[in-house]
Amino acid sequence: MRTKTLKKNKINVITLGCSKNVYDSEVLMGQLKANGKEVTHEAKKDEGNIIVINTCGFIDNAKEESVNTILEYADKKDKGLVDKVFVTGCLSERYRPDLEKEIPNVDQYFGTTELPLLLKALGADYKHELIGERLTTTPKNYAYLKISEGCDRPCSFCAIPLMRGKHVSTPIEKLVIEAEKLAKNGVKELILIAQDLTYYGLDIYKKRNLAELLENLVKVEGIEWIRLHYAFPTGFPMEVLELMKREPKICNYIDIPLQHISDSVLKSMRRGTTYEKTTNLLKDFRKAVPEMAIRTTLIVGYPGETEEDFQILKNWVEEMRFERLGCFTYSHEENTHAYNLVDDVPEEVKQARSLEIMEIQAQISWDLNQEKIGQTFKCVIDRKEGQYFVGRTEFDSPDVDNEVLIDASKFYLKTGDFVMLKIIDATEFDLYAEPIA
């Protein structure tokens with residue numbers, strides 16, 4: 001009698017959305033590997049007979065991409081190309097009943113806090129002892145370190161609290177253990193992420209404790225750079241700036257999403273700040289750490305944004321000369337406070353305003369980059385791409401900021417290494433450099 005061949009399952013984890021989702025996928029994969037499961041990340045289309053899609057539900061474009069990906073793999077399941085499809089993450093948290101109804105041939109949907117249940121569905125057990133054990137998907141030299149989950153801010157336009165819940169800080173000792181494990185695996189740069197770095201510690205230490213966390217992380221052997229992402233402007237712990245100035249491991253860089261600057265728009269957005277307070281905060285940043293690169297993101301086309309509001313924003317962008325800036329058009333999100341307002345700025349006006357802001361920023365970036373020609377910077381080499389080695393200065397975060405390009409036909413560099421580079425040319429968003437002999 002012939003016995004049935006047991007096919008070994010291979011799990012393909014597909015990540016959509018932000019760095020927080022990347023982190024969550026890495027934790028999931030670490031747990032699966034510890035359970036003896038074969039796991040891969042965003043593998044070639046024909047790899048993996050069990051699919052886990054980690055979705056994003058933040059704004060319309062992200063939701064559309066997530067839904068299309070679910071539909072693609074649900075269709076593959078129907079055709080027998082994959083055996084099972086599981087969906088997790090923000091879209092699943094936010095719209096699970098709708099998804100179950102509209103795309104019923106997905107095996108199971110999970111929310112953002114249901115990792116043990118997802119693992120169980122995949123035939124694995126949640127292992128509590130695996131603090132900091134992850135299968136990182138980023139280049140070997142850097143990794144994201146998520147220091148808290150959720151958000152307590154009341155911003156009118158944002159659906160994150162609906163998907164991620166209330167703010168919960170991870171204790172310092174756990175983050176240090178995680179950082180040490182990453183360093184042992186060759187990670188040299190930690191990118192601290194959260195929905196709100198500013199709020200870190202308030203829930204468990206009853207004070208804003210980002211500075212103390214950083215004091216502990218800089219002691220981790222092997223870590224050379226620590227980068228701060230997603231700090232909220234209201235209540236920012238200013239002692240962090242003193243530490244940044246004093247401690248070479250902390251990059252002179254901060255990502256602080258400001259969203260707008262017109263007082264009337266800020267009030268409607270429920271941001272808890274004003275034109276004057278925000279401008280003074282940035283001046284304090286520049287005074288404390290003059291070499292700091294400030295990255296921000298803005299939203300145009302928010303309900304009720306007038307031409308005058310937009311002009312205030314434009315003039316302010318020209319005045320502040322941010323080193324890095326991204327601009328997004330407002331997305332009208334269900335169950336947010338702003339959803340009660342009329343989405344009254346036409347789509348073409350939103351797009352035109354966004355383009356105008358980015359054109360201003362491109363000129364600022366060009367000017368600032370031209371000033372770098374002839375200067376020398378410590379850079380990390382992330383990868384080789386085509387004819388160039390691609391690196392970054394401490395003023396640049398991966399995927400979103402400027403890159404430094406080194407001619408690979410003339411110079412050989414090792415990915416993951418830190419090298420001193422002299423800038424020989426520059427465009428709006430790229431620097432060209434040569435190693436210092």
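Helices (H or I, at least four residues) and strands (E, at least two) are DSSP runs, numbered from the N terminus.

**Entry: ground rules.** I am reading a predicted model, where local features need pLDDT of at least 70 and side-chain atom pairs count only at pLDDT 80 or more, while totals for chains, interfaces and linings use all residues. Residues are numbered from 1 along each chain as its sequence is written, and side-chain values use heavy atoms, with hydrogens and water left out.

**Entry: the whole chain.** I looked up the inventory and found twelve helices and 18 strands in the protein chain. The radius of gyration (over C-alpha atoms) is 23 Å, close to the 22 Å from the globule rule (2.2 Å times the number of residues to the power 0.38). The chain is therefore as compact as a globular protein of its 437 residues.

**Entry: a parallel sheet.** Next I traced an open sheet of five strands, in the order β2-β1-β3-β4-β5, with parallel pairing. β2 (38-41) and β5 (108-109) stand at the edges with a single partner strand each, so one side of each has no neighbour in the sheet. β4 (84-89) pairs with β5 over two bridges, and Val 87 has Tyr 109 in β5 as its bridge partner. Helix α1 (19-34) packs on this sheet, touching (heavy atoms within 4.5 Å) β1, β2 and β3. Helix α2 (60-78) also packs on the sheet, touching β1, β3, β4 and β5.

**Entry: around β14.** Five bridges join β14 to β17, and the two run antiparallel; here Cys 379 stands opposite Val 419. With β15 (388-393), β14 pairs in the antiparallel sense over six bridges, and Arg 383 stands opposite Val 390. β14 and β15 form a hairpin with two residues between them, and Gly 386 in the turn has a positive phi of about 60°.

**Entry: helix α12.** Just after α12, Gly 374 takes a positive phi of about 95°.

Key:
Two strands pair if DSSP finds at least two bridges between them. Axes are lines fitted to C-alpha atoms, for helices over the stretch in contact, and angles run from 0 to 180 degrees between N-to-C directions.
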